[in-house]
Amino acid sequence: MNIESLLRPNIRRLKPYSSARHEFAGEARIFLDANENPFDNGLNRYPDPVATPLRRRIAALKGVPPEQVFVGNGSDEAIDLLLRLFCEPRRDAVVVLPPTYGMYAVSAAIADVEVVRVPLLPDFEPDVEAILARADAHTRLLFLCRPNNPTGHLFAERQVKKLIEAFPGIVVLDEAYIDFCPEASLLPWIADHPNLVVLQTLSKAWGLAGIRLGMAFAQAPLIGWMNAVKPPYNVNQLTQNAALEALARPERMREQVAVIVRERARLAEALAALPFVQRVFPSQANFLLVRVDDPRRLYDFLAEKGIVVRDRSRQPLCEGCLRITVGTPEENAALLDALNAYANS
Ligand SMILES: *Cc1c(COP(=O)(O)O)cnc(C)c1O
């Protein structure tokens, strides 16, 4: 597949903004080019526009070359950039598989790009035939979220492979929750598929939602286009520093993931035993989708106790469902106390 042919024509013609420092090739000692304040406070200089040390570190950790790594202001920025690269407003479309992450459709709506919705099958797998039947030269992006939010389900590899091979546009595989099941990552597939973009983030398992650091992985030409259209300094210096610090200690993340996964099992078992719980769906992520008798009443009861969960009951296939994030052991105990009180109320 030729990625260039999928780009919007205005993008293909683009000459990216070149910063003053970009244009300087020598070994700089004195920086009088960017109108910064010269007094060093650790943050007085513009950050590296492509976060080279950070991208190198991510590349080493993930086993891909740095040219295949993009970093952005959260994965949400990567989603927005992909829309702007490949989707002509009012002409092209994206395909999403509800129930799924809401930002795909929101970003598309903001970009004035049509959203084609192909609901998941009742077993939470993609309806491959229906997706391919809806795909044409104008469906430029297909968003696959794996593990999916809010179902926690991991699409079968075989289905994902079929879609990557047959979809006529870019397949965006969102692995925001992959650190909770790292062996399931399909990141190595970018080597064989120029139309595959894998998204990951520091917002979930890495515990850094506050710094806004999202990653995209794809073959070098596609990453080059993402870098060409991003705002020049999209990842600020504080974020680059904090991300490098966290990535130097992956064992800390893995320890926390182990606790969360253990707590998820404990929570799932305790929830399933409650009289008003109809079903706890298996989850590969850090949340549980739970079907209950009267979701709104339960939601309000928990809110009254200061516990906020997510009401997903109006999403397709999620009738009666709340999505509950796995908290600390203490938080989960407090949740179970509240749920027991609700059962007895
Ligand atoms: C939380 C989440 C993200 C993370 O987005 P960031 O902008 O990186 O914080 C991405 N995709 C999905 C499906 C999510 O649930």
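**Entry 1: the ligand.** I started with S203 and found one of its polar side-chain atoms 2.6 Å from an oxygen atom of the ligand. I keep in mind that this is a predicted model. Next I looked up K204, where a polar side-chain atom lies 3.2 Å from an oxygen atom of the ligand. D76 takes part through its backbone: an N or O atom there sits 3.1 Å from a ligand oxygen. How much of the ligand's accessible area does the protein cover? I noted 94% of the 390 Å² that the ligand has on its own.

**Entry 2: the ligand's surroundings.** I then listed the residues around the ligand and got 14. The closest are D174, T201, S203, K204 and R212.

**Entry 3: the largest core.** I turned to the nonpolar residues. In soluble globular proteins, nonpolar side chains tend to be buried together. Here I found that the largest nonpolar core has 74 residues. V71, L142, L144, L202, L213, F217 and L339 have the most contacts inside this core. Which helix gives the core its largest share? I found helix α10, residues 250-272, with six residues. I also checked the domains: the core draws at least three residues from domain 1 (3-15 + 46-248) and at least three from domain 2 (251-343).

**Entry 4: V71.** I picked V71 and left aside its neighbours within four places in sequence. V71 is then in contact with A51, L54, R55, I58, L213, G214, M215, N234 and V235. L213 is, like V71, on the list of residues with the most contacts inside the largest core.

**Entry 5: another core.** I found a second, separate core of 35 residues. L7, L85, F143 and L222 are among its members.

Definitions and conventions: Residues numbered from 1 in each chain as written. Predicted model: local features only at pLDDT ≥ 70, side-chain atom pairs only at ≥ 80, totals over all residues. Heavy atoms only, no water. Core = buried A, V, L, I, M, F, W, Y, C linked by side-chain atoms within 4.5 Å. Buried < 20%, exposed > 50% of the residue type's maximum accessible area, 1.4 Å probe, protein only. Helix = DSSP H or I, 4+ residues; strand = E, 2+ residues; numbered from the N terminus. Domains from an automatic or database assignment. Contact = heavy atoms within 4.5 Å. Near = heavy atom within 4 Å. Polar contact = N/O pair within 3.5 Å; in protein donor to acceptor, adjacent residues only side chain to side chain. Areas by Shrake-Rupley, 256 points an atom, 1.4 Å probe, with all protein chains shown as cover.
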